[in-house]
Amino acid sequence: MSGLTGTPRLARLVLRRDRIRLAIWVLGTPLLGYALAASVADIYPDQAARLGYATTSASSLVARAFNGPIAGTDLGAVVVAETYVTLALIAALLSTFAVTRHTRQNEETGRAELLGSSVVGRYAPLTAALLVVVAANALAAALLAVALVGAGLPLAGSVAAAAAIGGVGVACTAIAAVTAQLSVTSRGANALAATAVGLSFVLRAVGDMFGDQSADGTQVRSAWPSWISPLGWGNQVRAFAGDRWWVLALPVALLLAGVAVAYALAERRDLGAGLIAPRRGPATGASWLLSPAGLAWRTQRGTLLGWAVGVAVLGLSMGAAGDEFNAMLDQNPAAAEAINAMGGGGDLINAYLAAMLGLFALTLGAYVVQALLRVRGEESDGTLEAALATAVSRTRWLGTQVLAATLGAAALLLLAGLTTGLGYGLVTGDPLGEAGDLGGAALLRLPALLVVAGVVTALFGLLPRWSVVLSWVVLLVFLLLGQLGAVLKVPQAALDLSPYTHVPSVPAADPAALPLVVLTTVAALLVATGVVAFGRRDVPS
């Protein structure tokens, strides 16, 4: 029997299990790309606006770090500078999570052992997962190219930009294939892969920050760290500014090398084991682990710490860039109008700060979803049934999980406001005052996150099998409406579906109590619905 025996059947199984996730990924990427490209074209409609954007972006270290190097003044180059990092990170994370789910998670849950009892080669599960994920990246890239052409961009550059983003997904597929062999748990494999993606982002940012600016000030050539970063390779394609097609061979080479390494590592370990030995815990657990609150803290503290580090770094960076963005927006009325639309105020710097706090609140919705969906994971793994066999009631257990997630979100929101205010205050000379003001302004976004928590809880109670997919879909809808709705002139009735729409844009606008009370009430009703529904349904073994 060959090591690849059964690969086609397992690939069909992967498609069957992930048909909804893959559809959202493959169709959502071009839709998001089209929306972003259309909004950028609306903000920078003429050559003068794009020239101002290119010169300020090329001279701004912050813009280089977060957006990448600008490649010229053409509309396509501006679109790539504004959208590449977002789309590339989405492709990277979706690819790593998908590979881990169909390799390491299958071993962790016992599915791989069941499949291995049939006529299946040793490499077939990994190969099937890689084939499906690479095909998903290729199809999403093809549809993205069509979307960019539909947004009015040239064909060759659109294909190059889409292929660059697909190449990032392919490269991260190779990374996940290796990390799935190293860790004994799917959570550990995802953490290793996410760390690699984060390191890739840092290398790209450093290479772009220290790159060379062209003589006319409208282009940037990245330094060498970008060339050792899979995220940096996409920028080096230079779509709409020369289309260096040969760079696309780099992610393909990494995929081939990653597959070879993953195959070799798979030979050196037993099914269900990892090459990194799990750390042994203490012989006896702490007494606080006997309570649902203690267990919730134990399971969520690592995730919370990782989010806290990222929020603190971004908050300081965005706050320190306040004056720089203020100067840039003064030169670009269209961009200033877009910031005002997202920030909800007429004062540029306050609108900018409000928009950044709103962006943090939108992003932290992902933390709430991630933290609360652990309840579904515990139910699927069978650990929930053991917990409920003790004196812990269903209401207490689920309520504790919701409380832990919302307290974590509140702490991260406060940290975002404090660090953003501290960064801006260091520039303006009043770090403590700005940190206090923006810390309070950030906490006013908490009711929107409470609604997100309520939606996830309600879905877990009412539709447990669909709760994971639907929770992320709802968050994505909120993200698109909150971040792009005003810029794309989406009807107000659609914008009102997002809880973020109703949160006062402090400090650009005055705080209002009524929307916060209404959002909190809606969140409480959703949580109560989920808790009651969970108490009345079965918990599978």
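User: Hi! Which residues in helix 17 are buried?
Analyst: Hello! In this predicted model, helix 17 covers residues 374-381, and its buried residues are Arg374, Val375, Arg376, Glu378 and Glu379.

User: Thanks. And what follows helix 17?
Analyst: That would be Gly382, which has a positive phi, near 95 degrees.

User: Let's switch to the rings. How many aromatic pairs does the structure hold?
Analyst: There are seven aromatic pairs. One of them joins Trp397 and Phe534, with 6.0 Å from centre to centre and 35 degrees between the planes, which makes the pair tilted.

User: Why does that pair tie together parts that are 137 residues apart in sequence?
Analyst: Because the two partners belong to separate helices: Trp397 is in helix 19 (residues 394-428), while Phe534 is in helix 24 (residues 513-536).

User: Are Trp397 and Phe534 buried or exposed?
Analyst: Both Trp397 and Phe534 are buried.

User: OK, what about Phe478 and Tyr500, what kind of pair do they form?
Analyst: An edge-to-face one, with the ring centres 6.5 Å apart and the planes at 70 degrees. This pair also links distant parts of the chain, as Phe478 sits in helix 22 (residues 467-484) and Tyr500 in the loop between helix 23 (492-495) and helix 24. They are 22 residues apart. Phe478 is buried, and Tyr500 is buried too.

User: Nice. Which charged end sits over the ring of Phe534?
Analyst: The one from Arg394, at 5.2 Å from the ring centre. Phe460 has a charged end over its ring as well: Arg537 provides it, 4.8 Å from the centre.

User: New topic: where is Gly272?
Analyst: Gly272 is in a loop, the one between helix 12 (249-267) and helix 13 (292-320).

User: And why does Gly272 count as partly exposed?
Analyst: Its relative accessibility is 31%, and the partly exposed class runs between the buried limit of under 20% and the exposed limit of over 50%, so Gly272 falls in that class.

User: Which residues does Gly272 touch?
Analyst: Leaving aside residues up to four places away in sequence, Gly272 touches Arg104, Glu107 and Val184.

User: Last one: how are Gly272 and Ala129 separated?
Analyst: Their C-alpha atoms are 17 Å apart, and along the chain the two residues are 143 residues apart.

Conventions: Residues are numbered from 1 along each chain as its sequence is written. This is a predicted model: local features need pLDDT of at least 70, side-chain atom pairs count only at pLDDT 80 or more; totals for chains, interfaces and linings use all residues. Side-chain values use heavy atoms; hydrogens and water are left out. Rings of Phe, Tyr and Trp (its six-membered ring) pair if their centres lie within 6.5 Å; planes under 30 degrees apart count as stacked, over 60 as edge-to-face and the rest as tilted. Helices (H or I, at least four residues) and strands (E, at least two) are DSSP runs, numbered from the N terminus. Buried means under 20% relative accessible area, exposed over 50%, partly exposed in between (1.4 Å probe, protein chains only). A charge sits over a ring if NZ of Lys or CZ of Arg is within 6 Å of the ring centre and within 35 degrees of the ring normal. Contact means heavy atoms within 4.5 Å.
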